[in-house]
Amino acid sequence: MRVTLFDYGAGNLHSLAKALSEAADEVRVEPDPIRSLETDVLVLPGVGAFASAVERLEPGRAAMRAAIEDGLPCLGICLGAQLLFETSEEGPGQGLGIFAGGVTRLRAERVPQIGWNTLEPVRGRGAARALAQAGWASRPEALLERAPLDFVYYAHSFACRPADEGVVIAWSTHESDRFAAAIRRRNVLGLQFHPEKSSRAGVRLLGAFLDQVRPAPRSATMPLGCRDPEPAAPSHAVSRAAARLDPGAMPCW
Amino acid sequence: MLVIPAIDLREGACVQLVGGSYDAERVRLADPVAVARRFIRDGFGQLHVVDLDAALDRGSNADVVETLVALEGVQVQVGGGVRSGGAIVRLLNAGAARVVVGTRAIEEPEWIAATASAFPGAILVAADAHGHHVVTRGWTRALETDVRDLVHELARLPLAGVLVTAVHREGRMEGVDLELTRSVIECCPLPVYVAGGITSLDDLRALAAAGAHAAIIGMALYTGVLDPRAVATEFGVPR
């Protein structure tokens, strides 16, 4: 499985690439927005400012949007998640518009929020259960793995405000501002927090997402490039995902 | 990356030691609270306070610490001699943003596992390194443990981060141990705080490029080798 980080020139991607490499066969950093689409999973990393990021994105914005709408799995982290929206208060320019809504400054005295805060999965939804079970499960027999399932690392001044709150699979609250901490639509996952800085549990969450969107192996009945999130043909990848996830919790909407 | 000025407390004063040696005190300022206020005025949003006396069981600067953590307009992380959940609760209740735990966290993995889970995102583990080897007890005890193995294990926990101090560079102003920093960040999916030897804006830029979450500076700010305002402008409050 090939994972590509679109590098819009805004800083160190090493931690994220390292974390993703634990679950991917190949992790590539690609500064060209069009070439970054030649991949199994596109990652929009989370460093920098909205305006400069969309400027770098602009030549490939329409193509990237079309590829994601067409089923290319996409993971956006922090600013990367904000790029999935239409606009941002932070600066001019058009985001990808995968999610309806905008990005606004945190309504709080302490901005930016830098540090650990809660992750509150939306209860009773498949994706939220998947998030809780896949990313934040702990093995009680391993004392050092007894990480709480509900704290993650944030570093942001702005937050996503989806027009449809149905896409929110986890919330968080900074001071009195309740904001979307994780959003999901089909194969697109946006995380306001940094899983690559949220301990081993955060890295497991990345692995669980990659497992969920892993393309089915090439076969006579399954054309290459099919990105059905629930592959019909059994495979090692699917069995591994099934071992870690409740199949009923696999989100698909 | 953030830069966090260090305020090391000894006998009620703000001091700087060379190489962590209590016999090699190079800076002494009588009023730590005035020092903190100056850093806030310069534009720093966070402070790193260490009670050196408590760390070596030679006394306590608890009164000064309480005043510092209650200051407005700044986040303060506190360490030095913190060895119990009770001490952590007291510091957090007094207003500390994070509590730095050293020796006991290294020597008792089960204790730090339970403690990190009890205070998720609030505990910073200080992993002091001489070369690649972990040292504890005020840098008097060298362990066989490789600091990279240690942070790899610690990354299982919901820690605020790990603070890696290059003991062999501390207070000497000979530049940072970039190789150590890179290798720690490589094996640690947690925010990594770095200390020891930071002397120039180029040191800071190199640490930022390596992916450090924060850098803690002492000696270079106190001796004027680095201009606090210039540092704060570039690294004081993240954008």
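Biologist: Is the crossing of α1(B) and α3(B) left-handed or right-handed?
Modeller: In this predicted model, the crossing of α1(B) and α3(B) is right-handed.

Biologist: What makes α1(B) and α3(B) roughly parallel to each other?
Modeller: Start with the angle. The two helices pack at about 25°, with their axes 10 Å apart. Angles under 35 degrees count as roughly parallel. Therefore α1(B) and α3(B) are called roughly parallel.

Biologist: Which residues make the contact of α1(B) with α3(B)?
Modeller: α1(B) brings Pro32(B), Val33(B) and Ala36(B). α3(B) brings Val64(B), Thr67(B) and Leu68(B). By type, that is 5 nonpolar, 1 polar and no charged.

Biologist: Why is Ala70(B) called exposed?
Modeller: Count the other C-beta atoms within 10 Å: there are 11. A residue with 12 or fewer is exposed. So Ala70(B) is exposed.

Biologist: Where is Ala70(B) found?
Modeller: Ala70(B) sits in the loop between α3 (62-69) and β5 (75-79) of chain B. Leaving aside neighbours within four places in sequence, Ala70(B) is in contact with Ala94(B) and Gly95(B).

Biologist: How do you know that α6(A) is largely enclosed by the rest of the structure?
Modeller: Check its residues. 15 of the 15 are buried, so α6(A) is largely enclosed. The helix reaches 22 Å from its first C-alpha to its last, close to the 21 Å expected.

Biologist: How many residues of chain A are in contact with chain B?
Modeller: 23 residues of chain A are in contact with 21 residues of chain B. Among the elements of chain A that each supply at least two residues is α6 (199-213).

How values were computed:
Residues numbered from 1 in each chain as written. Chains lettered and ligands numbered in written order. Predicted model: local features only at pLDDT ≥ 70, side-chain atom pairs only at ≥ 80, totals over all residues. Helix = DSSP H or I, 4+ residues; strand = E, 2+ residues; numbered from the N terminus. Buried ≥ 20, exposed ≤ 12 C-beta atoms within 10 Å, placed from the backbone. Contact = placed C-beta atoms within 7 Å. Expected span 1.5 Å × (residues − 1). Axes fitted to C-alpha atoms, helices over the stretch in contact; angles between N-to-C directions. Parallel < 35°, antiparallel > 145°, perpendicular 65-115°, else oblique. Left-handed = near helix turned anticlockwise from the far one by under 90°. Nonpolar A, V, L, I, M, F, W, Y, C, P; charged D, E, K, R; others polar.
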